[in-house]
Amino acid sequence: MRYLNPGSEPVEVFAMADALVRPDFKDRGLLDTAVVTIRFDNGALATAEANFQAVYGYDVRGEVFGSAGMLTMGDIRHTHLTSYGADGIAAETITYDQDLFHEAYVDELADFADSVRTGRTSSATGADARAALTIALAAIGSVEKGVPVRIEDI
C-alpha cells in the first residue's frame with residue numbers, strides 16, 4: 001500500500017478478520033478472511049481484502065482511485081479468450097502465484113542480485129520491510145482489540 005501512495009506513511013490501521021473458509025482452524029489462530037483499512041498521513045485511505053481461497057484461480061488485483069483518475073491492475077485470465085455456450089460463460093484462469101507473478105519474481109531477484117554485485121541499495125529496503133511489519137502488527141492488534149490502531153502505538 002505504501003508503494004501505491006509514495007511519500008506518505010500510514011498513521012492508522014483498522015482490520016477485521018475471521019475463519020470463514022476453515023472455521024476449524026480458528027482455535028489455532030488462523031484467520032483466513034480479512035479486510036484492512038489504512039489511513040495515511042496525507043489523508044489517503046487504502047483498503048486490502050484477503051481470503052485464502054479463490055476456487056476460480058489465483059486472484060490478485062489492485063485499484064488506485066484518486067482525484068486525477070483511476071488505475072486498475074491484475075487480471076487472472078490466462079488468455080483474453082472467453083467462451084460463451086450452453087453450459088455458461090468460461091475463461092481459463094491462472095491458478096498459481098508463480099504463473100501470475102513470474103515476471104515480477106524474476107525482476108525482484110535480478111534487482112537483489114544486482115544490488116549485491118554492485119553494492120547499491122536494493123529497491124526494497126530494510127525500512128520498507130519494517131514499515132510492512134509495523135502495518136501487519138497494527139492489523140493484528142486491531143483484529144484482537146476490535147478498534148483502529150495508531151501506528152505510533154506499535
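**Figure 1. Overall view of the protein chain.** The accessible surface of the protein chain comes to about 11300 Å², and carbon and sulfur atoms account for 57% of that surface; accessible areas come from the Shrake-Rupley method with a 1.4 Å probe, and for residues only the protein chains shown count as cover. This is a predicted model, in which local features need pLDDT of at least 70 and side-chain atom pairs count only at pLDDT 80 or more, while totals for chains, interfaces and linings use all residues. Residues are numbered from 1 along each chain as its sequence is written, and side-chain values use heavy atoms, with hydrogens and water left out. The protein chain holds three helices and eight strands; helices (H or I, at least four residues) and strands (E, at least two) are DSSP runs, numbered from the N terminus. The order of the elements from the N terminus on is β-β-β-β-β-β-β-α-α-α-β. The radius of gyration of the protein chain is 19 Å, well over the 15 Å that the globule rule gives for 154 residues, so the chain is more spread out than a compact globule. That radius is taken over C-alpha atoms, and the globule rule is 2.2 Å times the number of residues to the power 0.38. Along the principal axes, the C-alpha atoms fill a box of roughly 55 × 45 × 40 Å.

Figure 2. Of the 154 residues, 18% are buried; buried means under 20% relative accessible area, exposed over 50%, and partly exposed in between (1.4 Å probe, protein chains only). Among contacts (heavy atoms within 4.5 Å) between residues at least 6 apart in sequence, 42% join residues at least 24 apart. The chain has 12 positive and 24 negative charges, and their mean positions are 5 Å apart. Lys and Arg count as positive and Asp and Glu as negative, whereas His and the chain ends are not counted. The place of a charge is NZ of Lys, CZ of Arg, CG of Asp or CD of Glu.

**Figure 3. Ser-142 in helix H3.** Helix H3 spans residues 126-145 and includes Ser-142. Ser-142 is buried, at a relative accessible area of 0%. A polar atom of the Ser-142 side chain lies 2.9 Å from the backbone nitrogen of Ala-15. A polar contact is a pair of N or O atoms within 3.5 Å; within protein, one must be able to donate a hydrogen and the other to accept it, and residues adjacent in sequence count only if both atoms are side-chain atoms. With neighbours within four places in sequence left aside, Ser-142 is in contact with Val-13, Phe-14, Ala-15, Val-147, Pro-148 and Val-149.

**Figure 4. Ala-139 in helix H3.** Ala-139 lies in helix H3 and counts as buried at 12% relative accessibility. Neighbours within four places in sequence aside, Ala-139 is in contact with Val-13, Ala-15 and Val-36. Ile-94 is 45 residues from Ala-139 in sequence, and the C-alpha to C-alpha distance is 29 Å.

**Figure 5. Ser-115 in helix H2.** Ser-115 belongs to helix H2, residues 102-118, and is buried with a relative accessible area of 7%. The backbone oxygen of Phe-112 is 2.7 Å from a polar atom of the Ser-115 side chain. Not counting residues up to four places away in sequence, Ser-115 touches Arg-120, Thr-121 and Ser-122.

Figure 6. Gly-7 is in the segment before strand E1 (10-18) and counts as exposed at 82% relative accessibility. Gly-7 and Leu-71, 64 residues apart in sequence, are 18 Å apart from C-alpha to C-alpha. Gly-29 is in the loop between E1 and strand E2 (33-40) and counts as exposed at 57% relative accessibility.
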